[in-house]
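Subject: A structure to look through

Dear colleague,

Here is the structure I said I would pass on, and below it are my notes on what was found. Please keep the picture open while you read, so that you can look up each place as it is named.

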Amino acid sequence: MRTHHRTNFETLNQRYNIRLHHNFAKIGMWKKIRNEILIRDNFTCKKCNISYQELKERNMVIDNKWEKEFGIGILQIDHIKSIRDKGDIFDYSNLQTLCYKCHNEKTILERESREQEIKDKSTQD
């Protein structure tokens, strides 16, 4: 049965789409992985080194339905190599803890980089 689950996750990686990206946080396994990554990273952003405790002391912790239900809060789990770039969704070595601000900055830079690649490619044609 374990092999069956592995096959499903491999299939998820191969068939990644936007809908999956927004819904896979609901998967029970993702919640488990998220918690394990937070513990591994000591509840600290890998980029700016701010801890959950420091964020809490600054009253920056989001305490709402999204954080409680899906783990979408001030500390987020980031895919180092984006799923769009064929990064593995569930590979622990491809996951890191980032604070909300650093995660947003990284996402914006990745988006700008992709847009620039598209522009560069279209000017070459």
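I begin with Lys-86, which is found in the loop between β1 and β2; helices (H or I, at least four residues) and strands (E, at least two) are DSSP runs, numbered from the N terminus. Lys-86 is exposed, with a relative accessible area of 74%, where exposed means over 50%, buried means under 20%, and partly exposed lies in between (1.4 Å probe, protein chains only). Although Lys-86 is not a glycine, it has a positive phi of about 70°.

Before going further, please note that this is a predicted model, in which local features need pLDDT of at least 70 and side-chain atom pairs count only at pLDDT 80 or more, while totals for chains, interfaces and linings use all residues. Residues are numbered from 1 along each chain as its sequence is written, and side-chain values use heavy atoms, with hydrogens and water left out.

The chain as a whole

The chain has 6 helices and 2 strands, and from the N terminus on these elements follow the order α-α-α-α-α-β-β-α. Of its 125 residues, 32% count as buried. Its accessible surface comes to about 9100 Å², of which 51% belongs to carbon and sulfur atoms; such areas come from the Shrake-Rupley method with a 1.4 Å probe, and for residues only the protein chains shown count as cover. Among contacts between residues at least 6 apart in sequence, 59% join residues at least 24 apart, contact meaning heavy atoms within 4.5 Å.

The two strands

The strands β1 and β2 run antiparallel and are joined by 5 bridges; two strands pair if DSSP finds at least two bridges between them. Within this pairing, Asp-78 stands opposite Gln-96 in β2. In a regular strand the side chains alternate between the two faces of the sheet. In β2, Leu-95, Thr-97 and Cys-99 point one way, Gln-96 and Leu-98 point the other way, and all are buried. Because 5 of the 5 residues of β2 are buried, this strand is largely enclosed by the rest of the structure.

Helix α3 (residues 28-40) has 13 residues and reaches 19 Å from its first C-alpha to its last, close to the 18 Å expected at 1.5 Å a residue, the expected span being 1.5 Å times one less than the number of residues. Which residues of α3 are buried? They are Trp-30, Ile-33, Arg-34, Ile-37 and Leu-38. Seen down the axis of α3, these buried residues fall within an arc of 135°, so they line one face of the helix; the arc is that of the directions from the helix axis to the C-beta atoms. What covers the buried residues of α3 includes β1 (75-79) and β2 (95-99), whereas the face turned away from the buried side carries the exposed residues Gly-28 and Ile-39.

Just after α3, Asn-42 takes a positive phi of about 60°. Phe-43, in the loop between α3 and α4, has a positive phi of about 50° although it is not a glycine, and at 36% relative accessibility Phe-43 counts as partly exposed.

Ile-50 is found in the loop between α3 and α4 (52-57), and it is buried, with a relative accessible area of 10%. Leaving aside neighbours within four places in sequence, Ile-50 is in contact with Phe-43, Thr-44, Cys-45, Leu-55, Arg-58 and Cys-99. Ile-50 and Cys-99 are 49 residues apart in sequence, but 7.6 Å apart in space, C-alpha to C-alpha.

Helix α6 and His-103

The 25 residues of α6 should span 36 Å at 1.5 Å a residue, and its end C-alpha atoms are 36 Å apart, which agrees. In α6, Cys-102, His-103 and Lys-106 are buried, and what covers the buried residues of this helix includes β1 and β2.

His-103 is found in α6 (residues 100-124), and at 17% relative accessibility His-103 counts as buried. Not counting residues up to four places away in sequence, His-103 touches Gln-76, Ile-77, Asp-78 and Leu-98. A polar contact of 2.7 Å joins the side chains of His-103 and Gln-76; a polar contact is a pair of N or O atoms within 3.5 Å, where, within protein, one must be able to donate a hydrogen and the other to accept it, and residues adjacent in sequence count only if both atoms are side-chain atoms.

With best wishes
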